[in-house]
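Please look at the charged side chains in this structure and at how they pair with one another.

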Amino acid sequence: MNVIFLGPPGAGKGTQAQRVSAALGIPQISTGDILRRAIADKTKTGLEAKSYIDAGQLVPDSVVIAIVEERLTMPDCANGYILDGFPRTVPQAEALAKLQSIDSVINLDVPDAHLVNRLSGRRVCIKCGATYHVSMLKDGADPCVACNDKLVQRDDDKEETVRSRLAVYHAQTAPLVAFYEKEGILHTIDGAQSMDTIYDAILKTLGVKP
Ligand code: AMP
(Lines give C-alpha, C1' and ligand atoms only; values in the text may rest on other atoms or scores of the structure.)
Protein backbone atom coordinates (compact mmCIF):
# COMPACT_ATOMS: atom_id res chain seq x y z
CA MET A 1 0.00 0.00 0.00
CA ASN A 2 1.56 3.32 -1.11
CA VAL A 3 0.23 6.16 1.02
CA ILE A 4 0.88 9.90 1.24
CA PHE A 5 0.27 11.91 4.42
CA LEU A 6 -0.58 15.45 3.41
CA GLY A 7 -1.25 18.44 5.64
CA PRO A 8 0.26 21.64 6.99
CA PRO A 9 3.31 21.58 9.26
CA GLY A 10 2.17 20.60 12.75
CA ALA A 11 -0.93 18.72 11.55
CA GLY A 12 0.38 15.53 13.18
CA LYS A 13 1.56 13.80 9.98
CA GLY A 14 4.76 12.53 11.59
CA THR A 15 3.13 11.16 14.73
CA GLN A 16 0.33 9.43 12.83
CA ALA A 17 2.62 8.18 10.07
CA GLN A 18 4.90 6.59 12.68
CA ARG A 19 1.97 4.76 14.29
CA VAL A 20 0.40 3.62 11.02
CA SER A 21 3.80 2.53 9.71
CA ALA A 22 4.29 0.29 12.76
CA ALA A 23 0.75 -1.12 12.42
CA LEU A 24 1.10 -1.92 8.72
CA GLY A 25 4.76 -2.96 8.76
CA ILE A 26 5.71 -0.53 5.99
CA PRO A 27 8.30 2.27 6.29
CA GLN A 28 7.53 5.88 7.10
CA ILE A 29 9.56 8.07 4.77
CA SER A 30 9.92 11.60 6.13
CA THR A 31 11.83 13.93 3.82
CA GLY A 32 12.19 16.36 6.76
CA ASP A 33 13.93 13.65 8.83
CA ILE A 34 16.16 12.66 5.89
CA LEU A 35 17.15 16.30 5.36
CA ARG A 36 17.82 16.91 9.08
CA ARG A 37 20.04 13.80 9.14
CA ALA A 38 21.90 15.07 6.07
CA ILE A 39 22.44 18.41 7.82
CA ALA A 40 23.74 16.68 10.98
CA ASP A 41 26.07 14.53 8.84
CA LYS A 42 27.20 17.66 6.92
CA THR A 43 26.67 15.98 3.54
CA LYS A 44 26.52 18.00 0.31
CA THR A 45 22.70 17.70 0.31
CA GLY A 46 22.59 18.74 3.96
CA LEU A 47 24.70 21.83 3.34
CA GLU A 48 22.49 22.79 0.40
CA ALA A 49 19.24 22.23 2.36
CA LYS A 50 20.17 23.96 5.61
CA SER A 51 19.57 27.60 4.63
CA TYR A 52 16.13 26.77 3.18
CA ILE A 53 15.02 24.81 6.25
CA ASP A 54 16.27 27.48 8.66
CA ALA A 55 14.28 30.11 6.75
CA GLY A 56 11.11 27.98 6.72
CA GLN A 57 11.31 27.69 2.92
CA LEU A 58 11.07 24.56 0.80
CA VAL A 59 14.24 22.82 -0.31
CA PRO A 60 14.43 22.85 -4.16
CA ASP A 61 12.29 20.20 -5.89
CA SER A 62 15.30 18.64 -7.66
CA VAL A 63 16.98 17.90 -4.30
CA VAL A 64 13.98 16.27 -2.60
CA ILE A 65 12.84 14.41 -5.71
CA ALA A 66 16.32 12.83 -5.99
CA ILE A 67 16.18 11.82 -2.29
CA VAL A 68 12.76 10.18 -2.64
CA GLU A 69 13.60 8.54 -5.95
CA GLU A 70 16.57 6.81 -4.32
CA ARG A 71 14.72 5.94 -1.09
CA LEU A 72 11.82 4.26 -2.92
CA THR A 73 14.20 1.80 -4.61
CA MET A 74 15.21 0.33 -1.23
CA PRO A 75 13.96 -3.19 -0.48
CA ASP A 76 11.86 -2.19 2.56
CA CYS A 77 9.56 -0.25 0.19
CA ALA A 78 8.61 -3.37 -1.77
CA ASN A 79 5.28 -3.82 0.06
CA GLY A 80 4.47 -0.14 0.31
CA TYR A 81 5.38 2.96 2.29
CA ILE A 82 4.04 6.07 3.92
CA LEU A 83 5.34 9.34 2.52
CA ASP A 84 5.36 11.94 5.29
CA GLY A 85 6.11 15.46 4.06
CA PHE A 86 6.48 14.58 0.38
CA PRO A 87 5.24 15.71 -2.09
CA ARG A 88 5.00 19.35 -1.06
CA THR A 89 4.67 20.98 -4.50
CA VAL A 90 2.81 20.11 -7.70
CA PRO A 91 6.10 19.39 -9.58
CA GLN A 92 7.05 16.92 -6.79
CA ALA A 93 3.65 15.21 -7.12
CA GLU A 94 4.07 15.00 -10.89
CA ALA A 95 7.57 13.52 -10.51
CA LEU A 96 6.24 10.96 -8.01
CA ALA A 97 3.39 9.98 -10.35
CA LYS A 98 5.99 9.09 -12.99
CA LEU A 99 7.81 6.82 -10.52
CA GLN A 100 5.03 4.98 -8.66
CA SER A 101 1.27 4.77 -8.32
CA ILE A 102 -0.23 6.01 -5.08
CA ASP A 103 -3.19 4.24 -3.45
CA SER A 104 -4.34 6.79 -0.89
CA VAL A 105 -3.67 10.34 0.23
CA ILE A 106 -4.58 11.12 3.84
CA ASN A 107 -5.08 14.86 4.20
CA LEU A 108 -4.96 16.06 7.82
CA ASP A 109 -6.89 19.31 8.02
CA VAL A 110 -6.08 21.68 10.91
CA PRO A 111 -6.77 25.45 11.21
CA ASP A 112 -3.68 27.72 11.23
CA ALA A 113 -4.36 29.07 14.74
CA HIS A 114 -3.94 25.55 16.23
CA LEU A 115 -0.79 24.98 14.20
CA VAL A 116 1.13 28.00 15.48
CA ASN A 117 0.48 26.88 19.07
CA ARG A 118 1.31 23.23 18.36
CA LEU A 119 4.55 23.95 16.52
CA SER A 120 5.96 26.74 18.63
CA GLY A 121 5.25 24.59 21.74
CA ARG A 122 6.74 21.44 20.23
CA ARG A 123 9.84 19.90 21.82
CA VAL A 124 11.77 17.06 20.21
CA CYS A 125 14.06 14.43 21.77
CA ILE A 126 17.58 14.88 20.35
CA LYS A 127 18.09 11.11 20.36
CA CYS A 128 14.89 9.33 19.29
CA GLY A 129 12.93 12.19 17.72
CA ALA A 130 9.87 11.66 19.98
CA THR A 131 7.81 14.84 20.14
CA TYR A 132 6.12 16.54 23.10
CA HIS A 133 4.19 19.75 23.66
CA VAL A 134 5.39 22.13 26.38
CA SER A 135 1.94 21.91 27.98
CA MET A 136 2.66 18.18 28.68
CA LEU A 137 5.96 18.93 30.44
CA LYS A 138 6.39 19.77 34.11
CA ASP A 139 9.34 22.12 33.64
CA GLY A 140 11.67 23.27 30.87
CA ALA A 141 14.27 20.59 31.60
CA ASP A 142 12.11 17.42 31.35
CA PRO A 143 13.92 14.53 29.63
CA CYS A 144 12.39 12.24 26.98
CA VAL A 145 10.10 9.62 28.54
CA ALA A 146 11.28 6.99 26.03
CA CYS A 147 15.07 7.40 26.18
CA ASN A 148 15.76 9.93 28.94
CA ASP A 149 17.65 12.22 26.55
CA LYS A 150 17.31 15.98 26.20
CA LEU A 151 14.31 17.72 24.61
CA VAL A 152 14.96 20.72 22.38
CA GLN A 153 12.99 23.10 20.17
CA ARG A 154 13.68 22.66 16.45
CA ASP A 155 15.08 25.92 15.03
CA ASP A 156 12.30 25.96 12.45
CA ASP A 157 9.64 25.66 15.20
CA LYS A 158 10.41 29.22 16.39
CA GLU A 159 7.26 31.31 15.93
CA GLU A 160 8.56 33.54 13.09
CA THR A 161 9.69 30.53 11.08
CA VAL A 162 6.43 28.69 11.79
CA ARG A 163 4.54 31.59 10.19
CA SER A 164 6.77 31.40 7.08
CA ARG A 165 6.24 27.61 6.90
CA LEU A 166 2.47 28.07 7.03
CA ALA A 167 2.58 30.72 4.28
CA VAL A 168 4.70 28.35 2.18
CA TYR A 169 2.22 25.54 2.84
CA HIS A 170 -0.74 27.61 1.63
CA ALA A 171 1.07 28.86 -1.46
CA GLN A 172 2.88 25.70 -2.57
CA THR A 173 1.50 22.58 -0.86
CA ALA A 174 -2.25 23.27 -0.45
CA PRO A 175 -2.77 22.98 -4.28
CA LEU A 176 -2.00 19.27 -3.85
CA VAL A 177 -5.41 18.84 -2.20
CA ALA A 178 -7.09 19.62 -5.54
CA PHE A 179 -4.43 17.62 -7.41
CA TYR A 180 -5.21 14.40 -5.50
CA GLU A 181 -8.94 15.12 -5.29
CA LYS A 182 -8.95 15.06 -9.10
CA GLU A 183 -7.19 11.68 -8.95
CA GLY A 184 -10.00 10.43 -6.68
CA ILE A 185 -7.64 9.22 -3.93
CA LEU A 186 -7.88 12.10 -1.43
CA HIS A 187 -9.33 11.45 2.05
CA THR A 188 -9.59 14.45 4.34
CA ILE A 189 -9.61 13.86 8.10
CA ASP A 190 -10.17 16.50 10.79
CA GLY A 191 -6.71 16.76 12.35
CA ALA A 192 -7.94 18.82 15.30
CA GLN A 193 -9.48 15.70 16.91
CA SER A 194 -7.69 13.55 19.52
CA MET A 195 -4.71 11.53 18.33
CA ASP A 196 -6.53 8.22 18.89
CA THR A 197 -9.63 9.38 17.00
CA ILE A 198 -7.48 10.50 14.05
CA TYR A 199 -5.55 7.22 14.11
CA ASP A 200 -8.78 5.17 14.05
CA ALA A 201 -10.13 7.31 11.19
CA ILE A 202 -6.93 6.76 9.18
CA LEU A 203 -7.04 2.97 9.65
CA LYS A 204 -10.72 2.92 8.66
CA THR A 205 -9.98 4.99 5.56
CA LEU A 206 -7.17 2.62 4.59
CA GLY A 207 -9.45 -0.37 5.18
CA VAL A 208 -7.27 -1.74 7.99
CA LYS A 209 -8.76 -3.38 11.11
CA PRO A 210 -7.40 -1.79 14.34
P1 AMP B 1 9.12 18.64 8.08
O2 AMP B 1 9.90 17.94 9.14
O3 AMP B 1 8.37 17.71 7.18
O4 AMP B 1 8.25 19.75 8.64
O5 AMP B 1 10.19 19.37 7.12
C6 AMP B 1 11.08 20.35 7.63
C7 AMP B 1 11.62 21.20 6.50
O8 AMP B 1 12.32 20.37 5.55
C9 AMP B 1 10.57 21.92 5.67
O10 AMP B 1 10.14 23.14 6.25
C11 AMP B 1 11.33 22.13 4.36
O12 AMP B 1 12.25 23.18 4.48
C13 AMP B 1 12.12 20.83 4.24
N14 AMP B 1 11.35 19.81 3.49
C15 AMP B 1 10.86 18.63 3.97
N16 AMP B 1 10.21 17.95 3.00
C17 AMP B 1 10.27 18.72 1.89
C18 AMP B 1 9.77 18.60 0.57
N19 AMP B 1 9.03 17.53 0.19
N20 AMP B 1 10.04 19.60 -0.31
C21 AMP B 1 10.78 20.67 0.03
N22 AMP B 1 11.26 20.87 1.27
C23 AMP B 1 11.03 19.91 2.20
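In this predicted model, Lys-158 has a relative accessible area of 39%, and because this value falls between the limits of 20% and 50%, the residue is classed as partly exposed. The partner of Lys-158 in a salt bridge is Asp-155, and the closest N and O atoms of the two are 3.5 Å apart, which is within the 4 Å cut-off that defines such a contact.

Arg-163 and Glu-159 form a salt bridge in which the closest N and O atoms are separated by 2.8 Å. Arg-163 is partly exposed because its relative accessibility is 45%, and Glu-159, with a relative accessible area of 41%, is partly exposed as well.

The pair formed by Asp-156 and Arg-154 has another setting, for both of these residues are buried, that is, each has under 20% relative accessible area. Their side chains meet in a salt bridge with an N to O distance of 2.9 Å. Asp-156 and Arg-154 also belong to a network of salt bridges, in which they are linked with Arg-122, Asp-157 and Arg-165.

How many salt bridges does the model contain by this rule? The count comes to 10, and among them are the pairs Asp-155 with Lys-158, Arg-163 with Glu-159, and Asp-156 with Arg-154.

How values were computed: Residues are numbered from 1 along each chain as its sequence is written. This is a predicted model: local features need pLDDT of at least 70, side-chain atom pairs count only at pLDDT 80 or more; totals for chains, interfaces and linings use all residues. Side-chain values use heavy atoms; hydrogens and water are left out. Buried means under 20% relative accessible area, exposed over 50%, partly exposed in between (1.4 Å probe, protein chains only).
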